[in-house]
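The sequence and model come next.

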Amino acid sequence: MDYKQIIEEVYQEVQEENQRGKVADYIPELATVSPDQFGIALVDLKGNVYGVGDYQVPFSIQSISKVHTLTMVFNVFNNKLWSRVNVEPSGDPFNSIAQLEYEKGIPRNPFINAGALVITDALCSKFEKPIQQITEFINELAGETCVKINGDVKSSEFKHGERNTALAYFLKSYKNFNNNIDEVLEVYFSQCAIEMSCVDLAKSFSFLANDGFSIFAKQQIISESSARRINALMLTCGFYDEAGEFAYRVGLPGKSGVGGGVAAVMPHKFSIAVWSPELNDKGNSVKAIKALELLTDKLSFSLF
Ligand code: DON
């Protein structure tokens, strides 16, 4: 498979079509990014990297970090985790509060904000230096020191964090939050403010394409069955109320972030990260989704 040629074709076609969206501005600092940037990095299971466009430019990974923190926590709690958070698509926006009340403080899945806050709370219960350990974990997955937390994005999120703060208090009222709220929010906003390039992000997802073994960290990160489950969660919940559409158009487990990034895996073949900051009204990158749709159309194999 000539990945280089395929991603170059995809890049050209997406740029020619030039569908536009809107850069996230509910976190004001994210709105300062230049909207025309666009990069793709594909990493195969031998470690070969194929990149095009702005694939080496660091960007705010935002909710994509929820996959990394879920992996850390899943390794510690295993199936006990599922008494605190469900594994169902929510059909609601990522920052919705309403469902949490109907469902008595048990978030639908670990990728909506309510669920991710529970995961970060669980992480804070088991890791003594959570921010440092998340950073080290992702660096290890990528096989190099590449993670940087953008302090301006982090403080912008804190300053405009009313919704996440409300979710955390709500969870606490249902006794589904064990640690100090401000401390957990600090960890959550730090993980969201991580900046990485497409190439490093794709490398950090490689273990999910490889039955839990990272060729960059040179070790088994999680068991094969846990890797399968994280992929199942990404496929069904990774794009919030657009998860069905992403599965229909692209057909890969993937995770989006409001920084405009998408990371996805083709199990047993490759991991990929695509970035373009302009989002659709569900908070997912317009060009990144289009690129992945074109890519999976061009491949001679598919997940299904
Ligand atoms: O908590 C938030 O709202 C952001 N830090 C992350 C949201 C996000 O990336 C949703 N994904 N598309």
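Over the ring of which residue does the charged end of Lys-269 sit? The ring is that of Phe-301, with the charged end of Lys-269 4.5 Å from its centre. A charge is taken to sit over a ring if NZ of Lys or CZ of Arg is within 6 Å of the ring centre and within 35 degrees of the ring normal.

## Basis

The model is predicted: local features need pLDDT of at least 70, side-chain atom pairs count only at pLDDT 80 or more, and totals for chains, interfaces and linings use all residues. Residues are numbered from 1 along each chain as its sequence is written, and side-chain values use heavy atoms, with hydrogens and water left out.

## Aromatic pairs

Rings of Phe, Tyr and Trp (its six-membered ring) are paired if their centres lie within 6.5 Å; planes under 30 degrees apart are called stacked, over 60 edge-to-face, and the rest tilted. The count under this rule is 11 aromatic pairs. Tyr-11 and Phe-38 form a stacked pair, at 5.0 Å centre to centre and 5 degrees between the planes. Tyr-11 belongs to helix H1 (residues 3-17) and Phe-38 to the loop between strand S1 (22-23) and strand S2 (39-44), so this pair ties together parts that are 27 residues apart in sequence. Helices (H or I, at least four residues) and strands (E, at least two) are DSSP runs, numbered from the N terminus. Buried here means under 20% relative accessible area, exposed over 50%, and partly exposed in between (1.4 Å probe, protein chains only).

The pair of Phe-170 and Tyr-174 is tilted, because the ring planes are at 50 degrees, with the centres 5.8 Å apart. Phe-170 is partly exposed at 23% relative accessible area, and Tyr-174 is partly exposed at 31%. Elsewhere, ring pairs join Tyr-3, Tyr-50 and Phe-270 into a cluster.

## Helix H2

Helix H2 (residues 65-77) has 13 residues and spans 18 Å from its first C-alpha to its last, close to the 18 Å expected at 1.5 Å a residue. The expected span is 1.5 Å times one less than the number of residues. H2 is mostly covered, with 10 of its 13 residues buried. Among them are Ser-65, Val-67, Leu-70, Met-72 and Phe-74.

What do the buried residues of H2 pack against? The partners are helix H4 (113-126), helix H5 (130-142), helix H8 (181-192), helix H9 (198-209), helix H10 (224-237) and S9. Contact means heavy atoms within 4.5 Å.

## Ser-256

Ser-256 is located in strand S9 (residues 254-256) and is buried, at 1% relative accessibility. Its side chain makes a polar contact of 2.6 Å with the side chain of Asn-284. A polar contact is a pair of N or O atoms within 3.5 Å; within protein, one must be able to donate a hydrogen and the other to accept it, and residues adjacent in sequence count only if both atoms are side-chain atoms. Leaving aside residues up to four places away in sequence, Ser-256 touches several residues, including Ser-63, Ile-64, Phe-239, Tyr-240 and Val-262.

## A three-stranded sheet

An open sheet of 3 strands runs in the order S4-S6-S5, with antiparallel pairing. Its edge strands, strand S4 (59-60) and strand S5 (148-149), each pair on one side only. S5 and strand S6 (residues 194-196) pair over 2 bridges, and Ile-149 stands opposite Ile-194 in S6. Two strands are paired if DSSP finds at least two bridges between them.

## Loop residues

Most residues other than glycine have a negative phi. Asn-78 is not a glycine, yet its phi is positive at about 50 degrees. Asn-78 follows H2, lies in the loop between H2 and helix H3 (98-102), and is partly exposed at 40% relative accessible area. His-268 also has a positive phi, near 70 degrees; this residue is in the loop between strand S10 (261-266) and strand S11 (270-275).

His-160 is in the loop between helix H6 (151-159) and helix H7 (162-173) and is partly exposed, with a relative accessible area of 38%. Not counting residues up to four places away in sequence, His-160 touches Tyr-26 and Pro-28. The C-alpha atoms of His-160 and Pro-28 are 8.3 Å apart, while the two residues are 132 residues apart along the chain.
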